[in-house]
Amino acid sequence: MNYIFIAVIAFYGIWFLGTICHQFDYKWVAGIRKFDYFRILPRWTFFAPNPGTTDYHLLYRHMDKNDQVSDFKEIPLHDRHASSFIWNASKRSKKVLFDLVQEMNRICNREDVNEAAVKLSFSYICILNFLTKIPKAQDTKSIQFAIVASSGFIEYGEPTLTFCSDFHHV
Amino acid sequence: MFNFSQYFSNYEQCYQVITWLTCIGLLIVSFEYLAIHKEFKPDGVYSWKVFRSRHNFINNRLFHRLDFLFGYTAFIVCQLLIIGCCIILPFAQDHLLKAILIAIICLISLMISFRNIVGADGSDQLFSIILLTLFISYLINDPFIYRIGLIFISGQVVLSYVVAGIAKGISQKWRGGQAIIMIMNTKTYGHEKIATMLSASSRAFNIFLCWNIIVVECLFFAVIFLPCPWFIPFLIWGFLFHLYNAVIMGLNNFFWAFLAAYPSIFYLNHLITG
């Protein structure tokens, strides 16, 4: 067995062991994750142990130059077509927004949450950047977004407001 | 009837089928990305202008020099390159040409994984695993390396099912039979009719559905030890499971990623059971 074979076996072996370690929530695993820039270490715990049971809704509204505020409108994050089992292009952009909204929700639920940290968070800036391109009236002065949580098709309770941003000039 | 087990006992045929299925899956991914290309512009949801701010290398000089690789135009070019390579790859005969084409796809896929700091899923990772393995195998072009590659892919797939099964088994929501109905009730991954049907069904039926997934996923490692045809039901279950996830939950890329990896399981089973 030559050196190439040994190197390949070692490479696969380390990768496989790394994947096994990555399934755990230890602090040192989080340390390894920081260096997984290309995300080659998967986490295979699909919908477990705590499956997502909440729908998050991203809403926005505008304020015009006369300080008149529009109604909230929803960015559709959940609609799917019958053909989505073959072709589901919109899933990609919805997944990003969904991940960002979930991250915002996590930040807001932290015990040590503060307003400045929320406004400077990656997810806040990302959502705001996305909303600036939403078609709007010419006299729009600023934009605000909100995140609402609901239980899904069969509603077990009233939707709850998770987060509401400031108005931002656009 | 077509004998899958016998067909996939040949590693070359395994690689051929894996390559074909991976290319189909990646073509869908690339065309999906191109369909939402506007989202990769500076004001889009995938804006590199915003995404780059999250990287640890934000102040690194090399990172600044490579910045152009992640912008809108480069992204379109990369997707077109993947499409071109995926069309040629299944028909390529020479192993070196295959290695070069896969190297291009692999490099771009890893770049996208690096770029898209949010929004990636497990199917992208499984495609990366398959692509890197195909690249190593075709580059070295040795029967031993081909076999080791198939063992590695099958190991990752079996691990994915077993980990998912154990994670579900330790969850009260899964053991108690509430998990599936709760997932199906969400508008994100669920289906209204199925949620309504499950909520009208007995608790025993919901427990059965949840335990069906827990037990099969936990026992999935048996596919590599059970003699033919006893391991086939596991693979049929897996196929139907991913088909359901694609049709009902919209997780279409998972279907192709896992299907592409299945020939490696046939091969490992053949290697162990003879």
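Helices here are DSSP runs of H or I with at least four residues, strands are runs of E with at least two, and both are numbered from the N terminus. What you're looking at is a predicted model, where local features need pLDDT of at least 70, side-chain atom pairs count only at pLDDT 80 or more, and totals for chains, interfaces and linings use all residues. Residues are numbered from 1 along each chain as its sequence is written, chains are lettered from A and ligands numbered from 1 in the order in which they are written, and side-chain values use heavy atoms, leaving out hydrogens and water.

Let's start in chain B. An unreviewed UniProt entry lists "transmembrane region" features there, including residues 96–114 and 204–224; such annotations may be inferred rather than shown by experiment. Residues 96–114 of chain B are 100% helix and 0% strand, with end C-alpha atoms 26 Å apart. For residues 204–224 of chain B, the figures are 71% helix, 0% strand and 31 Å.

Now find helix α12 (residues 203–218) of chain B. Which residues of α13(B) does it meet? They are Phe234(B), Trp237(B) and Phe241(B), touched by Asn212(B), Ile213(B), Val216(B) and Glu217(B) of α12(B). Contact means heavy atoms within 4.5 Å.

Finally, look at how the chains meet: 61 residues of chain A are in contact with 84 residues of chain B. Between them, the two chains bury about 6500 Å², 67% of it on carbon and sulfur atoms. In chain A, Trp44(A), Arg92(A) and Phe153(A) lose the most area to chain B, together 14% of what that side buries. Buried area is the accessible area (1.4 Å probe) that two parts lose on being put together, summed over both.
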